[in-house]
Amino acid sequence: MSTTEASQPAILKWADGKTGEFKRQASTFRENISDEPNAQFTPEVGRYHLYVSYACPWAHRTLLVRALKGLEDIISVDVVHWHMQENGWPFKDGYEDSLYGSKFIRDIYFKAQSDYGGRFTVPVLWDKKTQTIVNNESSEIIRMLNTAFDKIVPEKAGINFYPDHLKAEIDSVNEWVYDTVNNGVYKAGFATSQEAYEKNVHPLFKSLDRIEEMLSKADYLVGNTLTEADLRLWTTIVRFDPVYHGHFKCNIKGIEKDYPHILKWARRIYQMPKVAETVNMEHIKNHYYKSHVQINPTGVVPAGMGPNLAEPKI
Ligand SMILES: N[C@@H](CCC(=O)N[C@@H](CS)C(=O)NCC(=O)O)C(=O)O
């Protein structure tokens, strides 16, 4: 029997009441940081702020690119507490909003737009100067961080995760990886009918098989160099065995047991300078297993931590 939408608490109304299928809402704030003439948001040291969760794979992408592009002293960050409840992501217990002392991430959305009616998601790229949200879509934020600050941090300008000659191929990989893997785990995990679950769990593993095959022939997904396609997939793979395999019922296969090339690729990226510091497994596990009470009502967190990505050295 499927849980109807009406019987879910407000924060859990993620699946369609009829089909039981999870529907992700489009992000609302879609501006860009750029140094084009007349740009509203120009690249400046200390002007922008990221609100992220260590638990969230979408927010994790922005932390990764911020670190790899050497933007730590340019863009400040606040991390929300992992326990998302009725009022959404909270600031508490040492995870505070250093700019405004907000209680919840929703307060930031209302500060930007008092009649905001969408979901209160992370990541949020905030402009301290005009006190508004620049963008809350991770795929666009990582594109901005990839190039917009190159004149400010010229020593990292040579690092380009979306180079011109690979754009088409990266876009094409991103498309099916987003649909079947990044969002695929959520569609399987939040399904409230057997049909909706089955419809999404099989394409997910078909894509993982395809990725395994690609990574058996190259070190990275596109152009044999680290690109945005790898970074976007990686934050999902890091969460796969410890969370999605059990919590989201994505258990046809596991990364450590069944996908040796994906595992090696995951280690290769994890072992790059500054990457390991972006991974907080305590936040990841606690968030999913304790916040999604519709899936795990006891809030018991399984002991397994997923594969050791630090060893062996790649
Ligand atoms: N498309 C967005 C998705 C962000 C997203 O869904 N974030 C989740 C956390 S993993 C969230 O904040 N959810 C809160 C909610 O939906 O209420 C992006 O990639 O930035």
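Biologist: Which domains does the domain assignment of the chain give?

Modeller: In this predicted model, local features need pLDDT of at least 70 and side-chain atom pairs count only at pLDDT 80 or more, while totals for chains, interfaces and linings use all residues. Residues are numbered from 1 along each chain as its sequence is written. The bounds come from an automatic or database domain assignment, and they give domain 1 (48–156) and domain 2 (164–272).

Biologist: In what order do the four strands of the open sheet lie?

Modeller: Strands are DSSP runs of E with at least two residues, and two of them pair if DSSP finds at least two bridges between them. The edge strands, each pairing on one side only, are β2 (76–79) and β4 (132–135), and the twist averages 35° from one strand to the next. The pairing is mixed, and the order is β2-β1-β3-β4.

Biologist: Which residue of β4 is the bridge partner of Asp127?

Modeller: Strand β3 (residues 124–127) runs antiparallel to β4, and three bridges join them. The bridge partner of Asp127 in β4 is Thr132.

Biologist: How is α7 oriented relative to α10?

Modeller: Helix α7 (residues 228–238) and helix α10 (residues 260–270) pack with their axes 10 Å apart and at an angle of about 105°. Axes are lines fitted to C-alpha atoms, for helices over the stretch in contact, and angles run from 0 to 180 degrees between N-to-C directions. Because angles of 65 to 115 degrees count as roughly perpendicular (under 35 is roughly parallel, over 145 roughly antiparallel, the rest oblique), α7 is to α10 roughly perpendicular.

Biologist: How many charged residues does the shell around the ligand have?

Modeller: The residues surrounding the ligand (C-beta atom, placed from the backbone, within 6 Å) include Cys56, Trp58, Arg119, Phe120 and Glu137. Ala, Val, Leu, Ile, Met, Phe, Trp, Tyr, Cys and Pro count as nonpolar, Asp, Glu, Lys and Arg as charged, and the others, Gly among them, as polar. By class, the shell has five nonpolar and five polar residues, and its charged residues number two.
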